[in-house]
Each structure stands twice: as C-alpha cells, then as structure tokens.
Amino acid sequence: MTSNSATNVRQIFDRIAPVYDDLNDWLSLGQHRIWKKMAVRWINPQPGQTVLDLCCGSGDLAIMLARRVAPSGQVFGVDFACAQLAIAAQKLATYPHLQNCVVWQEGDALALQFADRTFDGATMSYGLRNVVDIPQCLTELHRVLKPGAIAAILDFHRPSDPLMTRFQQFYLDRIVVPAARQRGVTEEYEYIAPSLARFPIGKDQEKSAIAAGFTKATHYQIANGMMGILVLTK
Ligand SMILES: C[S@@+](CC[C@H](N)C(=O)[O-])C[C@H]1O[C@@H](n2cnc3c(N)ncnc32)[C@H](O)[C@@H]1O
C-alpha cells in the first residue's frame, strides 16, 4: 500500500480482520493486553460512566472498559471497518453479562456522531497512527469529552536509543512481515513501518493535543520506547 487514504486504511483493516487478533497476540507475545490495561488504568473508569473506545477494531479495549463501567455504564466502540466490528461483536457475545454495556458503532473518528461533552473518558489503541488527519481526530476527541475527562492513547513509538531503533526495524521487517506473509496479509503489515516513520513523536503529539484544546498532554514511553501512551486531560 503506498497511499494512506481513509478508504485504503479501512479496506486494510477489513481484510486483515480474520487474522488480526491472532497476529497481535503472537507478535507482541500477548503484551498488547498489558499495554491496553495500562491505558484503561490511566482513565480509571468507574461503574456507571459512559466511555469511548475510538478506533476500537476487534474490541479488546472496549471490553476491558465494559468490565469497569458495568453493570449500569456504557462503552461506545467506534470504528469504520465493519469486519473488525463483526469480530468485536462475536467476542462480546462470549461475555453475556457485558452485552448491554457495549454499543459497537460504525463511524469515522474524524467526524464523530456524538454530542459535545458526552464521555467521562476515552481510550484509543493503535488508531491515532492510522487516521489520515491527526489534528482533526484530537479535536473531535476533545469535543466529545466532558470537562475534566481523561483520554489515553496507546500506539507505537520510535525509540530514541539507536539499539532499540535497530531492534524495532528488525522486528518489523524480519518478524512481523514474515508472520503476516504466512497468513496471506503481507502488504497490510508492510504498512506498519512507513506509518510509524511518519507518526509524530511524543512531544509533537503533546503539542497537537494542546492545539486541539486539551489542557494537559503528557506522552509516556513504554516497552523500551517502542510504544507510547499519550495521556490527555480536557
Ligand atoms: C491497528 S487497528 C487498532 C484496533 C484496536 N484498537 C486494537 O488496538 O487492537 C486501527 C483501527 O483504526 C481504525 N481506523 C482508522 N482510521 C479510522 C477512522 N478515521 N475512523 C474510524 N476508525 C478508523 C481501523 O479500521 C482499525 O480497526
């Protein structure tokens, strides 16, 4: 894939939906769940609250949030790739007690279908790098949060340590792409390295978030700088 148009991004995530969870588990050795739990802890959702998981994909993070806001709270999982949402719905069906706590919504992170100040908190994992307009995504996120609400945004990060940079490059080229090739989705996973190369680093993410209206923005590096969590307060 050479272009990162929204249609291309959506088609990629629709195509890889059947193998997405399996590859995530395998490639991160299950660690993506720990990093997602860290994002949940940052926003600290409470029973009864209404929270958003933006670019929810196959729904892991939204289901983690549902456990925290149940039984009376509500999670909205928003993504524009229907095939990902279908997997998310299948996954949720295995948690009957959470069924009423999650709404899967097909929608665009750049034009959210929610009123201003709807949410008590929000998460987004591996979505910000994939949206075609990061400032607009942050502006929309800011708009739909209540004053004082916190958002936690998890994504890849480019480490500053040259050794870790080489390790990350090796990992993406020699482990991720071959694993994807085995599952018939090479092109889609080759897209991670260029998307990471153009992704703003932590300090630039903080500046964009402040420009979008957030009062506080702090980026934390995790996993030896290969991942990061941007924590925002409205
Ligand atoms: C790498 S996946 C992450 C999925 C999930 N959050 C996770 O961590 O497993 C990125 C997701 O962002 C979604 N996405 C990208 N741009 C979007 C947009 N403008 N609106 C809604 N979803 C978008 C894709 O469809 C995809 O499911």
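Modeller: A polar contact is a pair of N or O atoms within 3.5 Å. Keep in mind that the model is predicted. Around the ligand there are 19 residues, and C55, D79, D108, A109 and S125 come nearest. With S125 the side chain takes part: one of its N or O atoms is 2.5 Å from an oxygen atom of the ligand. Taken alone, the ligand would expose 600 Å², and the protein buries 97% of that area.

The shell around the ligand can also be sorted by class: 10 residues are nonpolar, six are polar and three are charged. Sorted by element, α1 gives the largest share, with four residues.

In one of them the side chains of R183 and D22 meet, at 3.1 Å from N to O. D22 belongs to helix α1 (residues 6-27), while R183 sits in the loop between α6 (162-182) and α7 (186-190), so this pair ties together parts that are 161 residues apart in sequence. R183 is partly exposed, at 26% relative accessible area, and D22 is partly exposed too, at 41%.

A second salt bridge joins D60 and K36, at 3.2 Å. D60 lies in helix α3 (residues 60-69) and K36 in helix α2 (residues 31-43), 24 residues apart. Both D60 and K36 are buried.

Another salt bridge pairs R143 with D116, at 2.8 Å. Because R143 is in helix α5 (residues 134-144) and D116 is in the loop between β3 (102-106) and β4 (119-125), the bridge ties together parts 27 residues apart in sequence. R143 is partly exposed at 22% relative accessibility, and D116 is partly exposed at 42%. Finally, salt bridges that share partners join D21, K36, D60 and K91 into one network.

How values were computed
Residues are numbered from 1 along each chain as its sequence is written. This is a predicted model: local features need pLDDT of at least 70, side-chain atom pairs count only at pLDDT 80 or more; totals for chains, interfaces and linings use all residues. Side-chain values use heavy atoms; hydrogens and water are left out. A salt bridge is a side-chain nitrogen of Lys or Arg within 4 Å of a carboxyl oxygen of Asp or Glu. Helices (H or I, at least four residues) and strands (E, at least two) are DSSP runs, numbered from the N terminus. Buried means under 20% relative accessible area, exposed over 50%, partly exposed in between (1.4 Å probe, protein chains only). A residue is near a molecule or strand if one of its heavy atoms lies within 4 Å of it. A polar contact is a pair of N or O atoms within 3.5 Å; within protein, one must be able to donate a hydrogen and the other to accept it, and residues adjacent in sequence count only if both atoms are side-chain atoms. Accessible areas come from the Shrake-Rupley method with a 1.4 Å probe; for residues, only the protein chains shown count as cover. Ala, Val, Leu, Ile, Met, Phe, Trp, Tyr, Cys and Pro count as nonpolar, Asp, Glu, Lys and Arg as charged, and the others, Gly among them, as polar.
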